[in-house]
Amino acid sequence: MGKKKAIKLATATAIAASAFVAVAPTQSEAATSSVDKAITKASSSMVKAFNTYNKTAREDQKLPALSTIKKDVKAAQDAYKAATKEIASKGGTKAQKAKLTVKLDTNKKYLDRAELYLKAVTTNLNPTKTAFTEAVASGTQSKVLSTQKAYQAKIAEFEANVKKVYGPDARNLLTAKYADAANKLANSVNEEMTVYKAYKEISVLVDKKDLEAAEKLIADTKDSADKVAKLDTKLAKNITSAVVKINKKLEDAKVPTVKEVSAVNAKTIEVKFSKAVDTEKATIEVLRGAFKQNVTATWSTDKKSVQLVAATNFQAADYTVNVSGLTKEVMTGSVKFEAQKVASIAILDEIAVVSSAIAPATGVFPANTTATVGYVVKDQYGTDITKTTDLTTNDSTNITFNKANGVITLGSSLVAGKRINDLVPVVLIDQNTGTSTTKTLKLSATSAVSSIAVTGIFNAKGEAVSLTDKSKANEAFIVLDLKDQYGKAITNAGLASGLVLTNTNPFNLTLATTPAVYEQTIGGKNQLVLKISEIKKAGNTDILLISTTNGQSTKYTVNVSETSATDGISASQPEIAVANEATLIPLTVTDKDGNVITDKALLSNATKGIKVGTTPVTPTDLEVKDGQVFYKKTFTTEGTQALVFQSSTYKVATLTVNVKAAAIPTVVRGLKNPLVLSTEKGPVTLTAEDHLIIEDQYGRVLKDSSAPVRVTLVGTTDVVTVAGNSITPVKNGSATLNIALTTENGTIDSDVEVKVQVTDGTEYTGYEIAEIGKTQVATDKAFTVNGLLNNGKVALTKNEYTATITGGKLSADSLTDGKFNVAASALDTNAAGTPIDTEFTLKVTINATGKVLERKFVISPAAPTVSDFFFTTTEATGNYATAKAVTEATLLSGSTVANLKADEAKLTVNTATVDQYGNKKVVPTSATTVTIVPEKVADVKITNNGKANASVELKSGVQESTVTFKVTVGAATKEIKVKVVPAT
C-alpha cells in the first residue's frame, strides 16, 4: 500500500471514529519540536474536555462532575493559549505559522463544544427559582407574576444554551436534570396567573365603566377561577379573595332596575330586581292612588327580590310601587289587584269514612254514627282560604263544616240506618261568587290498613339515608306508606294498631315495638314510621309487615353497610430514597368497591387499616398530598430495603427500595443573593448557610447547609481583602471571589466564581427610609435607612445620616442610635387631656450628599390588641414565621376552647397572632368570646355560649358530634371546625 493511500485511509478512519469518540493524535503523528509538542498537548486536552462530557453522557448516560469538566476545560483553554503562544514565538515564517495554526485549530471545535457545555451547565437557575418559590409562598400575586417571568426567562436562557450543546445525549440529560423540573415548577401557577392577569384587566374595565367587556372576560375566565378557588394555597386564596372583591365591584357598578312587580297572593306584592341591592339603602312605598299602604318588607336571601305583605288583603285597585335610595331616579312598577274571591271548591274524596262499624244484628250503621270527608277552598291566586271562607250546603242542619281542619261531617240522620256503599249527595256553595261543587259520597266501612308499602329510610328533614354500622339509630326512620281499603293514605297511628311487625335479624338492628308504628314529622309532613332502636352491626335485615285486616303483607330489607375497610393495596417507587431522610412511598389503597381511600384515620385503623409487616401504621406514618397517600419511612442505612404492606383483607404489596447514601454537600452553585458590601459597615464573613447555594450529590439544593467553604480572591484587586472567609470592603468597585466547597481534610470538591460589589456610598442612585408603620408609645422602635443601587440596597450605618423626629409635643428630637422611643407625654391629647393617636415625622439628612428624606408614621397610646390570628399547633412562644395553620380540631366533651387538640399527635391548638403594631407571636388560645354553633342541636349541650368560657358537652348516648367554634381574640374572629368526642 502506498504512503498516500495509507494516510488517506488513516484520515478517513479518524473522521469516522470522531462521530463516536474524539481521538487525540497518536504519538507517531506528533512532532518532537516544542511547537508540535504544544499543539499535541493542546489537541489532546481539547479532545479530553469534549470526551469528559460527551462520552460520559453517551456511554454512561450521566453528566460529569462539574468540578471535573471545569478543570478539563480550563486545562484545554490553557493548553490552547500556550500552543498559540508557542506558534507565535517559535513557529517560523508567517506561512509556517499559519499552517501550524490550522493544525492547532483542527481540534479547536472540541474545546468550543466543551465550552458551550460548560456555559449551559453553569447557567444558574437557583436565584430566580428561590425568588419565585418565596413569592409563591408569600401569596403576593404581583411578586409571583414578576418572579415567574424572571424564572421562565432564565429557564429559556438555559434551554437556549443547551440547544447549542453538541450531542443529543448531553442535551437530553441536561434538559431532564434541570429544565424539566424547572419548567414544571415555573408553570405550576399558570392557572393562578391567568386569573390574576384577567382580573387586573377586569378591574380596569370596571373603573372605565366598560361593564359589558368586564362581564365577557369574567365568563371567559370562569373555569380557571373555579379551579383556583378549590386550591388550598395562600396564593390561590389571595387570588380568590381578589376575584370575589372585583366581582362585587362589578356588581356594585351595575345600576339595579325593577324587573317585575306581581301579586303573589291577595295581600302580598313581590318586586324583583335585576341584581342584588343594598337593602339598608332601599326605601319602598306602595301607593293606591295617592294613598300610601302599610306593608312589611321581607327580603329574599340573595337580596334580589322583596315581598311586601299587607296586614289585610289589598283592595281591588291599581297599585304603584316606588323604590328609592338605590339609584338617582326613583324606580317604579305597578300591579293590579282584584278583590280576593273564591275561585274553586273541591271535595277531596268520593268516600265518606264512617265513625262506627256496621251493627252485626241489623247490617246497618247504628245510631249516632257520623261520616267525614275533606274539602278545600282556593282563591284566584291558588291560595288555600279554607280557614277563612264560609260556605253553605244543601242540608245546613245535617252537614257541618270544620274550617280549621277542612273537614265536612255528615250528621247521624244522614248515616245511621244506612248500609255500606249507600249514597249521600253533598253540595257546597259560596254565596258571594256562586262558585259551587257537588259530589255524591259513598258511605264506607271504618278505615283499616289494606295496602302496605315502605317508602324508604329517611331522616327528619326528609332526606334519604343509607345506613352504616356507624349510623345513629335515632337519626333514621323507616317510613311507611299505608293505605286503607279505599286507597286513602293513613296518617293516624291508631288506625295502624292491627299491623303485625316481625324483625328477622335482631342481631343486626332492633326496632321499637311498643307501639310498632309511630307518627313522625318527616320533611314537614306527618308520616307513619318504624323507629330503629339500635344498629348493632353491618348486614341485611328483613322486616315483615302484615295487615290483620286482610292478610296483606310486605317485606322490606334494611341494609346496614360496613364502613370502608382497606382491601386492595399497591406501592410505587419513591422519587428518591436517601438514608437518614424521610422517604415518601406512594400507596394506592382501595376498599372492596374499588374506591380509593385517602382517609388517614381509616388507613391507620387497627382492624380496617393497613400494616407494614405485622405492625399497623400510625397517622404520623402517613401523608396525603393532592389525593395521593404516601407512607413515610426513614431508612438509617443505604442499600436495598424490602417493605411488605398488607390490607385488612390480607392482600399484600411488596416493594424493594434502593436507598442511596446519605446526602452530603457536593456542589457549590453560587450566591443566594447578590453580594453587596459597604465600606462603612466593615467585613462580612461568608458562610454556606447564609450566602451560598449548595447541592448534594443528587443535585438537590441543601437548605441552610453548614458545609465548610474556602474563599480566595481571583486575580489581584484593591477593592476587597480576604482573610479566611472574612471579606473586608476597601473601596468602590467589584471583585471576583473563588468559593470552594472543601472536605474535612481540606481538598476541594467543587468551586465557583462569584462577583462582590463594594460601595462607599458615592454611587448610590437614591435613598429611602424603610416603612415604619404604626408604633406603640413608650416602645423602642428601630428604623432603617437604605442606600439604593441598581442591583439592590444597602442599609446605612448610623454615622452616615442625621435623624430627627417631630410631631405631637416634640419640636425636633435628635436620634443617634437608629431608633426612637416617644413618651406618652409627647402625644397630642383630647379635650379630657387623654393621649391620642398622633402623627410624627422622621426626618433624615444624608451626611454625604445633604439629601433630605421624610417618613410619616403614627404613634398610638393604645395597648397592643390582636388584629388578626390563625389557629396553629406550633408551640406557644414558637416561631410565628414557620407556624402552620389548622382548620379542624378535636375537643373532649365538656371542655373549653383552651383544650382544643389537633393532628393525630393531639397537639395543643394555640393562636398565631398579629397586633396592630405588626408584632407577631404564638400564644396559648385565650379567647375574648367563643360562640359555638352545632351541626345537630339535639346532640350537644352548650354552656355559656358567647362567653370566653363557653363549653360543649355530648348528650347521653351520643358518641361524636361536630360543631363550629367562632373564636374572637382581640379585634379578630376566626372559625374552626371541632369534633367533640367523649371525655373518657
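Strand 27 (residues 611-612) and strand 31 (residues 639-646) form an antiparallel pair over two bridges. Strands here are DSSP runs of E of at least two residues, and helices are runs of H or I of at least four residues, both numbered from the N terminus. Two strands count as paired if DSSP finds at least two bridges between them. The model is predicted, so local features need pLDDT of at least 70 and side-chain atom pairs count only at pLDDT 80 or more, while totals for chains, interfaces and linings use all residues. Residues are numbered from 1 along each chain as its sequence is written, and side-chain values use heavy atoms, with hydrogens and water left out.

In the pairing of strand 31, Val612 stands opposite Phe645. Strand 31 also pairs with strand 32 (residues 652-659), again in the antiparallel sense, over eight bridges. Leu643 faces Leu655 of strand 32. Five residues lie between the strands of this hairpin, and Tyr650 takes a positive phi near 70 degrees.

Strand 39 is joined to strand 40 (residues 726-729) by four bridges, and the two run antiparallel. Thr721 stands opposite Thr728 of strand 40.

A further open sheet has five strands in the order 44-52-51-48-49, and its pairing is mixed. Strand 44 (775-776) and strand 49 (810-815) are the edge strands, each pairing on one side only. Strand 51 (residues 838-846) and strand 52 (residues 852-860) pair in the antiparallel sense over eight bridges. Thr841 has Lys856 of strand 52 as its bridge partner.

Helix packing was examined next. The axes of helix 2 (residues 34-60) and helix 3 come within 8 Å and cross at roughly 160 degrees. Axes are lines fitted to C-alpha atoms, for helices over the stretch in contact, and angles run from 0 to 180 degrees between N-to-C directions. Helix 2 and helix 3 are therefore roughly antiparallel, a label for angles over 145 degrees. Their crossing is left-handed, meaning that the near helix is turned anticlockwise from the far one by less than a right angle; clockwise would be right-handed. The contact (heavy atoms within 4.5 Å) includes Ala38, Ala42 and Ala49 of helix 2 and Ala76, Ala79 and Ala83 of helix 3. Its residues divide into 15 nonpolar, four polar and five charged. Ala, Val, Leu, Ile, Met, Phe, Trp, Tyr, Cys and Pro count as nonpolar, Asp, Glu, Lys and Arg as charged, and the others, Gly among them, as polar.

Helix 3 (residues 66-90) also packs with helix 4 (residues 94-105): the axes come within 10 Å and cross at roughly 165 degrees. This pair is therefore roughly antiparallel too. The crossing of helix 3 and helix 4 is right-handed. Tyr80, Ala83, Thr84, Ile87 and Ala88 of helix 3 meet Lys97, Leu100, Thr101, Leu104 and Asp105 of helix 4. By class, six residues of this contact are nonpolar, two polar and two charged.

Ala516 sits in the loop between strand 20 (509-511) and strand 21 (518-522). Ala516 is buried, with a relative accessible area of 17%; buried means under 20% (1.4 Å probe, protein chains only). Leaving aside residues up to four places away in sequence, Ala516 touches Leu501, Val529 and Leu530.

Definitions and conventions:
Buried means under 20% relative accessible area, exposed over 50%, partly exposed in between (1.4 Å probe, protein chains only). Angles under 35 degrees count as roughly parallel, over 145 as roughly antiparallel, 65 to 115 as roughly perpendicular and the rest as oblique.
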